[in-house]
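Try each task before you read its solution.

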Amino acid sequence: MIKTLVFPCKASKFPFAKIEGPNQLKRKGSKMELTITRPDDWHLHLRDGDLLEAVVSHSATHFGRGIVMPNLKPPITTTASAVAYRESILKAVPTSSGFTPLMTLYLTDTTNPDEIKLARKSGVVFAVKLYPAGATTNSQDGVTDLLGKCLPVLEEMVMQNMPLLVHGEVTDPDIDIFDREKVFIDTVLRPLIQKLPQLKVVMEHITTMDAVRFVESCTEGFVAGTVTPQHLLLNRNSLFQGGLQPHNYCLPVLKREIHRQAIVSAVTSGSKRFFLGTDSAPHERRRKECPCGCAGIYNAPVALSLYTKVFEEVGALDKLEAFTSFNGPDFYGLPRNTAKIRLRKTPWQVPESFSFAFGDIIPMFAGETLEWQPFSI
Ligand SMILES: NC(=O)N[C@@H](CC(=O)O)C(=O)O
Ligand SMILES: [Zn+2]
Ligand SMILES: [Zn+2]
């Protein structure tokens with residue numbers, strides 16, 4: 001079993017011909033290389049304390065910015081706590097990386113509209129996150145009735161042009177877990193958008209063809225969707241292949257193959273409505289491999305490699321850069337990154353685990369050989 005603390009994607013001298021411009025694919029024999037604008041991660045869990053220090057470099061190495069999720073314990077519900085959390089992230093980020101954390105606020109039933117004004121004024125908060133209470137990891141303090149309890153806050157968000165990021169699942173135990181995203185779209189999202197058509201909404205980590213259709217049916221520039229590597233590459237069989245697979249368990253849970261295919265088609269079509277959001281969600285190994293394991297897949301070390309694989313498999317590498325690096329900043333009204341990264345088709349093995357004093361973190365596709373490797377340039 002390979003154990004290492006070293007991130008596998010280290011810069012090294014590249015022996016092949018140079019590339020002429022952005023997003024140009026170059027071949028030499030069977031080797032291929034692609035240069036793209038540095039991507040951003042529009043859905044990222046960096047945690048805090050030891051876990052933050054352990055994982056942040058995996059994102060900071062290759063992503064320019066990350067929308068940092070606020071589901072800490074206690075959650076980041078105020079601008080003041082977002083500012084403090086941002087400081088602790090910046091302390092943990094390797095200085096040479098130039099990584100910028102974009103902060104979010106955790107919406108509760110009691111969030112005050114003034115908090116949205118403060119958030120906008122701060123210049124460091126870029127969105128507000130909706131967790132339906134009880135839907136996912138650390139969502140206990142989330143919202144119980146969005147339109148019933150949060151309408152004034154949502155109206156202020158429209159005024160401040162502050163996007164609402166949505167974990168789109170209902171929590172009703174009578175609704176089958178595989179239907180929770182679809183029911184959320186029908187019972188929460190459609191009414192929300194009807195009531196507030198000017199609100200910017202990102203449906204995070206979409207998992208179904210229903211979500212694809214919903215996002216595509218809304219006004220471009222107002223509703224978008226982020227997509228994870230796991231929902232592009234895995235279906236629900238991966239949860240049970242050869243026995244229970246806790247490291248493939250995340251929320252919303254993986255769905256049927258037809259849904260995976262719909263998501264792949266949507267993101268590789270060149271649509272501007274979908275962009276990269278890894279939902280990289282590290283949990284210590286002992287919190288995944290236990291009788292009641294946590295939801296969340298740690299994919300930061302493999303995400304770019306996996307997204308590239310998906311686009312290559314459907315012959316859409318020319319559409320990759322818009323998904324990884326353009327559609328996100330364009331939606332948020334932020335400048336695109338100017339730096340570039342290189343993706344080289346050269347096999348590398350994903351570590352079996354990352355080991356730290358506090359324990360291990362198991363990455364997605366642990367121990368497997370992947371084909372594309374990202375390099376900073
Ligand atoms: N995706 C997950 O399964 N888990 C996330 C929370 C979330 O994004 O829903 C986490 O924070 O662990
Ligand atoms: Zn979520
Ligand atoms: Zn998440």
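**Exercise 1.** At what angle do helix α1 and helix α2 pack, and how far apart are their axes?

*Solution.* A note before we start: this is a predicted model, in which local features need pLDDT of at least 70 and side-chain atom pairs count only at pLDDT 80 or more, while totals for chains, interfaces and linings use all residues. Residues are numbered from 1 along each chain as its sequence is written, and chains are lettered from A and ligands numbered from 1 in the order in which they are written.

Step 1: find helix α1 at residues 49-60 and helix α2 at residues 79-92. Helices (H or I, at least four residues) and strands (E, at least two) are DSSP runs, numbered from the N terminus.

Step 2: the two helices pack at about 60 degrees, with axes 9 Å apart. Axes are lines fitted to C-alpha atoms, for helices over the stretch in contact, and angles run from 0 to 180 degrees between N-to-C directions.

Step 3: that angle makes α1 oblique to α2. Angles under 35 degrees count as roughly parallel, over 145 as roughly antiparallel, 65 to 115 as roughly perpendicular and the rest as oblique.

Step 4: on the α1 side, L52, E53 and V56 make the contact, and on the α2 side S88, I89 and A92 do. Contact is counted when C-beta atoms, placed from the backbone, lie within 7 Å.

**Exercise 2.** Describe the open sheet by its strand order, pairing and edges.

*Solution.* Step 1: 8 strands line up as β4-β5-β6-β7-β8-β9-β10-β11, with parallel pairing. Two strands pair if DSSP finds at least two bridges between them.

Step 1: β4 (41-44) and β11 (274-276) are the edge strands, each pairing on one side only.

Step 2: from one strand to the next, the twist averages 30 degrees.

Step 3: look inside the sheet, where β7 (residues 125-130) and β8 pair over 3 bridges in the parallel sense. Here L130 stands opposite V166 in β8.

**Exercise 3.** Which strands form a hairpin with 2 residues between them?

*Solution.* Step 1: the hairpin is formed by β13 and β14.

Step 1: β13 (residues 353-356) and β14 (residues 359-361) are paired in the antiparallel sense over 3 bridges, and F354 stands opposite I361 in β14.

**Exercise 4.** Find the backbone exceptions.

*Solution.* Step 1: recall that most residues other than glycine have a negative phi, and most peptide bonds are trans.

Step 1: K73 and P74 are joined by a cis peptide bond with omega about -5 degrees; P74 sits in the loop between β5 (65-68) and α2.

Step 2: the bond from L251 to P252 is also cis, with omega near -10 degrees, and P252 lies in the loop between α7 (229-233) and α8 (257-268).

Step 3: N161 is not a glycine, yet its phi is positive at about 55 degrees. N161 belongs to the loop between α4 (146-160) and β8 (164-166).

Technical notes: Contact = placed C-beta atoms within 7 Å.
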